[in-house]
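Dear colleague,

Please find below the structure for your records. My notes on what was found in it follow directly after.

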Amino acid sequence: MQRHTGDPGAAGTSNPATEATRQQATFGSAAGSGAISNTAAVTWTAVSTTETITHVSFWSAASGGTFLGSDDLASSAALNAGDNFTIPTGDLDLTFT
């Protein structure tokens, strides 16, 4: 996953957060509805820049790789340099149709 300060766009490359390091997200098995949730927290520790995160993007690799999709956060997250940004276990829900 990568953090963004606005819509990542069709290729996932627009509006990346200043610290564009990707973090691995771990998901459980899909339910009958095709929904999955993260089974571990996803954390960026001591972010480098004060900015507001509004979206995340999903990739097949830690760098490079294939853009898999993106989503907006339920509410934006205003961060100060040095803050941690965490998506708690079970708070990242994806549905596949």
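Asn15 sits in the loop that joins β1 (2-4) to β2 (35-37); strands here are DSSP runs (E, at least two residues) and helices are H or I runs of at least four, numbered from the N terminus. The model is a predicted one, in which local features need pLDDT of at least 70, side-chain atom pairs count only at pLDDT 80 or more, and totals for chains, interfaces and linings use all residues. Residues are numbered from 1 along each chain as its sequence is written, and side-chain values use heavy atoms, with hydrogens and water left out.

The phi angle of Asn15 is near 55°, a positive value in a residue other than glycine. Asn15 is partly exposed, at 37% relative accessibility; buried means under 20% relative accessible area, exposed over 50%, and partly exposed in between (1.4 Å probe, protein chains only). Ala46, in the loop between β3 and β4, likewise has a positive phi, of about 50°, although it is not a glycine. Ala46 is partly exposed, with a relative accessible area of 44%.

**Overall fold**

The protein has seven strands and zero helices, and its pattern along the sequence is β-β-β-β-β-β-β. Its radius of gyration is 13 Å, close to the 13 Å that the globule rule gives for 97 residues, so the protein is as compact as a globular protein of that length. That radius is taken over C-alpha atoms, and the rule is 2.2 Å times the number of residues to the power 0.38. The C-alpha trace spans about 40 × 25 × 25 Å along its principal axes.

Of the 97 residues, 33% are buried. Among contacts (heavy atoms within 4.5 Å) with a separation of 6 or more, 64% are between residues 24 or more positions apart. The accessible surface is about 5,300 Å², and carbon and sulfur atoms account for 49% of it; these areas come from the Shrake-Rupley method with a 1.4 Å probe.

**The nonpolar core**

In soluble globular proteins, nonpolar side chains tend to be buried together. A nonpolar core is defined as a set of buried Ala, Val, Leu, Ile, Met, Phe, Trp, Tyr and Cys residues joined through side-chain atoms within 4.5 Å. The largest such core has 16 residues, of which Met1, Trp44, Ile53, Val56, Phe58, Phe85 and Ile87 touch the most other members. Two or more residues come from each of β3 (42-44), β4 (51-59), β5 (67-79) and β6 (85-87).

Leaving out residues up to four places away in sequence, Trp44 touches Met1, Gln2, Arg3, Glu19, Thr21, Gln23, Asp83, Asn84 and Phe85. Val42, in strand β3, is buried, with a relative accessible area of 1%. Beyond its neighbours within four places, Val42 is in contact with residues including Met1, Gln23, Phe85 and Ile87. Val42 and Met1 are 41 residues apart along the chain, and their C-alpha atoms are separated by 8.5 Å.

**The largest pocket**

The largest pocket has a volume of about 340 Å³. Its lining has 17 residues, with Met1, Phe27, Phe58, Trp59 and Leu68 nearest the centre. β4 and β5 each supply at least two lining residues, and β5 gives the most, with four.

For reference, a pocket is an open set of points on a 1 Å grid over the protein atoms alone, where a 1.4 Å probe fits, with protein on both sides within 12 Å along at least five of seven lines; lining residues have an atom within 4 Å of a point. Points are joined across faces, edges and corners, and the volume is the space filled by probe spheres set on them.

Yours sincerely
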